[in-house]
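Hello,

Here is the structure I promised to pass on to you. Have a look at it first, and then read my notes below.

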Amino acid sequence: MNVSSSTLSLTVADVDASRAFLCTHLGYEVAMADDGFVSLTRGDAAVDVVLLRGGTDVLPPEQRDQQAAGLILALTVTDLAAEEARLRAAGAPITMPLREEPWGERLFQMTDPNGVVVQLVEWAAAADPTGNDESTAMVVITPSTDHVTISPNATMAGLAAPSRGSTELSTWTVTMDAGATGPEHSISREQVWTVTAGALEVTCRGRTEKIAAGQTLILPPGRLRRIHAPEQAEVHVSMPADGVASVPGTEGTRELPWAR
């Protein structure tokens with residue numbers, strides 16, 4: 001048997017909703033379309049997807065009322081952390097945050113409007129049995145715009161992170177314009193902030209400290225803090241790689257995409 005291509009056919013209630021999801025967030029393009037039917041492709045190694053509206057008479061009678069359920073559309077990608085950051089920024093419905101399994105699989109999941117689960121996957125390099133495992137070698141990281149996150153109050157540029165070669169620590173730079181103030185929040189792990197230009201005013205537990213260029217601030221875990229830039233500031237931050245943020249008045253925690 002010689003397989004020339006692969007197609008996943010999904011029966012859904014709303015073809016247009018799944019088409020918009022796959023085209024907007026995952027780069028699929030419409031190859032063919034008709035009433036209650038659309039064929040999608042990416043032009044690379046990703047599986048083609050056909051969407052059929054439930055009840056259509058092109059299906060055998062016993063299949064017409066079945067809906068896509070209990071399956072996962074899994075796509076292997078490169079730079080998984082950057083993809084998660086991009087999709088979060090685009091408002092994609094991420095229903096399982098980025099995680100790494102003990103067997104070396106890194107993944108996160110989204111769920112489309114019809115309940116179709118899409119999983120993006122990246123595999124960690126297997127250990128070299130000769131002992132020359134590249135994961136134990138030195139790693140040089142070059143800053144890239146792919147790892148930059150811009151918020152209303154600051155710009156974070158990721159440096160070391162598990163997705164970029166580190167195993168225990170994440171580091172990044174923060175740039176804040178003069179007058180910018182971040183929201184009150186806490187971080188689950190200790191952070192070390194070194195101001196490299198300008199100055200910051202940091203309020204934690206009712207105490208405010210001004211940190212000038214050349215000074216370093218150690219922020220304890222789990223304490224609410226608010227960060228203000230009285231002048232334009234640049235900072236280098238480090239923390240254990242599994243740290244997450246909490247914001248008063250909101251449920252759950254938030255990952256820091258530039259640190260993953």
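Glu 201 stands opposite His 228, which belongs to β17. Please keep in mind that this is a predicted model.

As background, strands of a sheet pair through backbone hydrogen bonds, in either a parallel or an antiparallel way.

How many strands does the sheet have, and in what order? There are three, in the order β15-β14-β17; the sheet is open and its pairing is antiparallel. β15 (207–212) and β17 (225–228) stand at the edges with a single partner strand each, so one side of each has no neighbour in the sheet. On average, neighbouring strands here are turned by 20° against each other, if direction is ignored.

- Arg 205 lies in the loop between β14 and β15. Its phi is positive, about 55°, although Arg 205 is not a glycine. Is Arg 205 buried or exposed? Arg 205 is exposed, with a relative accessible area of 64%, and the cut-off for exposed is over 50%.
- Asp 79 is found in the loop between β5 (72–76) and α2 (80–89). Asp 79, also not a glycine, has a positive phi near 55°. Asp 79 is partly exposed, with a relative accessible area of 24%.

Enjoy exploring, and write back with any questions!

Best wishes

How values were computed
Residues numbered from 1 in each chain as written. Predicted model: local features only at pLDDT ≥ 70, side-chain atom pairs only at ≥ 80, totals over all residues. Heavy atoms only, no water. Pairing = 2+ DSSP bridges. Helix = DSSP H or I, 4+ residues; strand = E, 2+ residues; numbered from the N terminus. Axes fitted to C-alpha atoms, helices over the stretch in contact; angles between N-to-C directions. Buried < 20%, exposed > 50% of the residue type's maximum accessible area, 1.4 Å probe, protein only.
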